[in-house]
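Here are a few exercises to work through with the model open beside you. Try each task before you read its solution.

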Amino acid sequence: MPTGANSKKKYTYVWVSLIILIFGILFIPKIVNRLKNNSVVETDRMSIRSQQKEVGFVISNGQKRKVPEFSFLNQDSILISNKDYLDKVYVVEFFFTTCPTICPIMTKNLVELQNTFEEYEDFGVASFTINPRYDTPSILKKYAARYGITDTDWHLMTGDQSKIYALAQEGFYIVANEVEDAPGGFEHSGMFALVDKQGFIRSRDDKNGNPLIYYRGTITEKESVNKEGGAQQITMLKEDIKKLLLEK
């Protein structure tokens with residue numbers, strides 16, 4: 001006769017076996033039936049599709065919006081053009097080194113992206129100063145060192161102010177103005193643009209199905225939400241960068 005510990009083990013095994021038997025009777029036929037009808041596979045596919053929404057193109061006048069040609073000096077006094085970014089996914093910003101408000105946050109967010117994708121040779125950043133009279137290559141190089149900018153495909157560019165403003169306003173439709181009463185003397189939006197390997201501006205859709213177009217660069221992932229209730233978009237930008245990096 002089983003006694004003590006052996007008796008308890010025996011009854012435990014009996015209960016476990018009974019539970020397994022009941023589960024098999026109730027659920028296995030349903031699972032088999034779903035497999036026969038391909039419903040499990042289709043559900044999985046739908047789940048994958050919902051998690052991997054495509055990063056769409058930004059359309060203007062019926063055409064996919066593409067980054068116009070540009071050519072400026074970077075922090076190493078090397079001439080950089082849009083052609084240097086072909087076959088790379090990159091993020092575009094307009095900033096200035098003496099900005100007292102949003103630029104330091106934007107730069108920290110871009111450094112976060114730099115560090116996230118440091119193993120990808122086909123990722124880069126294009127930063128255009130909107131105060132080129134002050135932001136010379138040597139000033140930009142010091143700024144890069146201060147913030148830990150190390151990616152060789154992150155170019156901080158300076159040049160003719162009118163050309164930089166035209167690139168911002170006409171090429172990206174991003175605010176960039178010299179305004180005497182604005183903090184630091186310049187006005188800009190603090191938004192990031194995402195560009196694919198062929199030079200097309202890309203964006204996910206918002207909750208209403210409209211192109212987001214730009215990604216908010218002035219709120220960190222850690223901060224999550226700013227005082228006005230705006231949510232950070234760095235997480236979604238990371239997700240969309242990765243999708244574009246995987247595109248062939």
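## Exercise 1: The partners of β11

Task: find which strands pair with β11 and in which sense they run.

Solution. Step 1: start with strand β6 (residues 89-95), which is joined to β11 by three bridges, the two running antiparallel. Strands here are DSSP runs of E with at least two residues, helices are runs of H or I with at least four, and both are numbered from the N terminus. Two strands count as paired if DSSP finds at least two bridges between them. Within this pairing, Val91 faces Leu194 of β11.

Before going on, a word on the model. It is a predicted one, in which local features need pLDDT of at least 70 and side-chain atom pairs count only at pLDDT 80 or more, while totals for chains, interfaces and linings use all residues. Residues are numbered from 1 along each chain as its sequence is written, and side-chain values use heavy atoms, with hydrogens and water left out.

Step 1: look at strand β12 (residues 201-203), which is antiparallel to β11 and connected to it by two bridges. Leu194 has Arg202 as its bridge partner in β12. β11 and β12 make a hairpin with five residues between them, and Gly199 in the turn has a positive phi of about 90 degrees.

Step 2: is β11 largely enclosed or open? Four of the five residues of β11 (residues 191-195) are buried, so the strand is largely enclosed by the rest of the structure. Buried means under 20% relative accessible area, exposed over 50%, and partly exposed in between (1.4 Å probe, protein chains only).

## Exercise 2: A buried arginine

Task: describe the surroundings of Arg204.

Solution. Step 2: check its burial; with a relative accessible area of 19%, Arg204 is buried. Step 3: list its contacts (heavy atoms within 4.5 Å). Leaving out residues up to four places away in sequence, Arg204 touches Val55, Asn210, Pro211, Leu212, Ile213, Tyr215, Met236, Glu239 and Asp240. Step 4: pick out Glu239, whose side chain makes a polar contact of 2.8 Å with that of Arg204. A polar contact is a pair of N or O atoms within 3.5 Å; within protein, one must be able to donate a hydrogen and the other to accept it, and residues adjacent in sequence count only if both atoms are side-chain atoms.

## Exercise 3: The annotated site

Task: locate the residues that UniProt annotates as "binding site" and examine the cysteines.

Solution. Step 1: the unreviewed UniProt entry gives this annotation to Cys99, Cys103 and His188. They are spread over 90 residues of sequence yet cluster in space, with a largest C-alpha distance of 10.1 Å. UniProt positions are given in the numbering used here, feature names are shortened, and annotations may be inferred rather than shown by experiment.

Step 1: Cys99 sits in the loop between β6 and α3 (103-116), and is buried at a relative accessible area of 6%. Beyond its neighbours within four places in sequence, Cys99 contacts Pro104 and His188.

Step 2: Cys103 belongs to helix α3, and is buried, with a relative accessible area of 1%. Setting aside neighbours within four places in sequence, Cys103 is in contact with Phe95, Phe96, Tyr143 and His188.
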